[in-house]
Amino acid sequence: LSPPGRIATLIVPADSAWEQTSGPAPVVPPPLRAQVPGERIREIAGVLRTREPAAILAGDVALLDPGIRSAACAAAKAGARLLCGTFPARLSRGAGRPRVERIPYFPERAAEMLAGLRHVVLAGDRMTVPFFAYPTISSEILPAGCRVHTLAEPGEDVVGALDALADELGGGADPVVEAASRPETGDGPITPDGVARVVGALLPENAILSDEGATSSLGSLPATAGAPPHDWLPLTGGAIGQGLPVAAGAALACPDRKVVALQADGSAMYTLQALWTQAREKLDVTTILFSNRRYAILGMELRRMANAEPTGRTAGLIDLSHPDLDWVQLARGMGVEAEHVETLGGLRRAFAAAMRTPGPRLLEVPI
């Protein structure tokens with residue numbers, strides 16, 4: 001239970017299967033977060049007072065409401081940019097919440113975004129590193145001469161440190177928050193951006209987005225920026241297959257909230273049984289299943305590494321056809337209501353119905 005959280009293993013003796021219990025164990029309160037020393041806060045304030053180009057890279061509870069407001073306030077008073085990593089564990093976002101810049105996935109794009117910075121202040125996070133190395137692209141994303149300073153380590157009282165930093169800096173501009181907005185959806189054939197617009201137009205307040213759409217859900221963040229306040233749970237660590245289980249876990253933890261899973265077909269094959277869990281537990285999860293019948297992100301990375309299209313056996317390893325996967329039948333076989341949607345108008349109708357109706361549902365969209 002020590003912040004920021006760890007993997008736990010429970011080992012019990014065999015006779016716990018038949019002996020009587022003496023009663024529930026007392027609840028152990030989680031340990032308090034370690035306070036950040038005042039001298040560290042004053043040192044960071046001194047760096048930011050130079051007004052050299054700076055950014056605060058927030059993580060941990062500094063990306064959750066209300067901590068994200070503390071991070072935005074400190075950044076505004078320092079005249080600094082507010083950033084988050086490429087794939088934070090969880091991000092509170094939407095209309096009325098502070099605007100956070102996400103570091104791009106590809107290292108050259110990240111380097112472009114961070115160009116000109118002289119200081120990066122870590123607030124509950126560690127410096128983002130690219131997922132892959134490439135033969136002709138540098139993995140260095142910070143500009144030469146940029147210094148990295150630690151305000152609070154993950155697990156320390158990062159929100160308290162940000163509040164103290166804002167107090168130390170004194171007056172300043174108000175943080176920028178996202179304005180309420182909904183994208184136009186239109187009609188026509190399914191496209192990744194079109195799917196993102198439908199989600200942004202209909203996402204209900206306090207929803208939870210489990211995003212493992214990979215290449216197909218890149219437009220989901222800008223399309224939902226002005227949607228009602230919600231939480232975003234992206235792919236973390238680079239391992240694929242977490243999207244459906246994360247959606248199930250979120251629905252179990254928060255049964256009063258709508259959960260929307262943006263899910264790629266390739267990674268869904270790793271943890272298909274999560275659909276059965278959703279049906280068995282009657283979880284309120286709506287899955288939009290992007291069916292492009294290939295591991296598109298792996299193909300993209302192969303092209304970037306080899307500077308050529310995958311061919312032969314390599315191409316076959318990232319192909320999901322022959323036979324084609326039928327996600328409507330797969331979902332129904334697990335007990336989840338499902339349908340195949342061919343147009344944006346059809347998706348809007350089906351997604352709107354899913355947002356009104358509790359229980360698991362899967363919408364397969366061809367990409």
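Predicted model: local features only at pLDDT ≥ 70, side-chain atom pairs only at ≥ 80, totals over all residues.
Are Asp231 and Arg257 buried or exposed? Good morning, everyone.

Side chains of opposite charge can pair when their charged atoms come close. In this model, the count of salt bridges comes to 18. The one that concerns my opening question joins the side chains of Asp231 and Arg257, at 3.2 Å from N to O. Asp231 belongs to strand β8, residues 230-234, while Arg257 lies in the loop between α7 (243-253) and β9 (259-264), so that the pair links parts of the chain 26 residues apart. As for the answer, both Asp231 and Arg257 are buried. There is also a network, in which salt bridges with shared partners join Glu337, Glu339, Arg349 and Arg361.

Consider next Arg69 and Asp65, whose closest N and O atoms are 2.8 Å apart in a salt bridge. Arg69 is partly exposed, at 35% relative accessible area, and Asp65 is partly exposed as well, at 32%. A further salt bridge, between the side chains of Glu108 and Arg304, has an N to O distance of 2.9 Å. Here the partners are 196 residues apart in the chain, with Glu108 in helix α3 (residues 107-114) and Arg304 in helix α10 (residues 296-306).

Let us turn to the nonpolar residues. In soluble globular proteins, nonpolar side chains tend to be buried together. The largest nonpolar core of this model contains 57 residues, and Ile56, Leu151, Leu162, Leu165 and Phe351 have the most contacts inside it. Helix α13, residues 344-356, supplies the largest share of this core, with seven residues. Beyond its neighbours within four places in sequence, Leu165 touches several residues, including Ile41, Leu48, Ile56 and Leu151.

Some nonpolar residues lie on the surface instead: Phe131, Phe132 and Met305 form a patch there, with about 230 Å² of accessible area together. Phe131 sits in the loop between β5 (119-123) and β6 (147-152), and its relative accessibility of 34% makes it partly exposed.

Finally, the cysteines. How many disulfides does the structure hold? The number is zero. Cys73 cannot form one because its sulfur is 19 Å from the closest cysteine sulfur, in Cys84, too far for a bond. For Cys146 the closest cysteine sulfur is likewise in Cys84, at 17 Å, which is too far for a bond. Cys73 is partly exposed at 26% relative accessibility, whereas Cys146 is buried at 14%. Thank you for your attention.

Technical notes. Residues numbered from 1 in each chain as written. Heavy atoms only, no water. Core = buried A, V, L, I, M, F, W, Y, C linked by side-chain atoms within 4.5 Å. Buried < 20%, exposed > 50% of the residue type's maximum accessible area, 1.4 Å probe, protein only. Helix = DSSP H or I, 4+ residues; strand = E, 2+ residues; numbered from the N terminus. Contact = heavy atoms within 4.5 Å. Disulfide = S-S within 2.5 Å. Patch = residues over 30% accessible without salt bridge, like charges linked within 9 Å, V, L, I, M, F, W, Y side chains within 5 Å. Areas by Shrake-Rupley, 256 points an atom, 1.4 Å probe, with all protein chains shown as cover. Salt bridge = Lys/Arg side-chain N within 4 Å of Asp/Glu carboxyl O.
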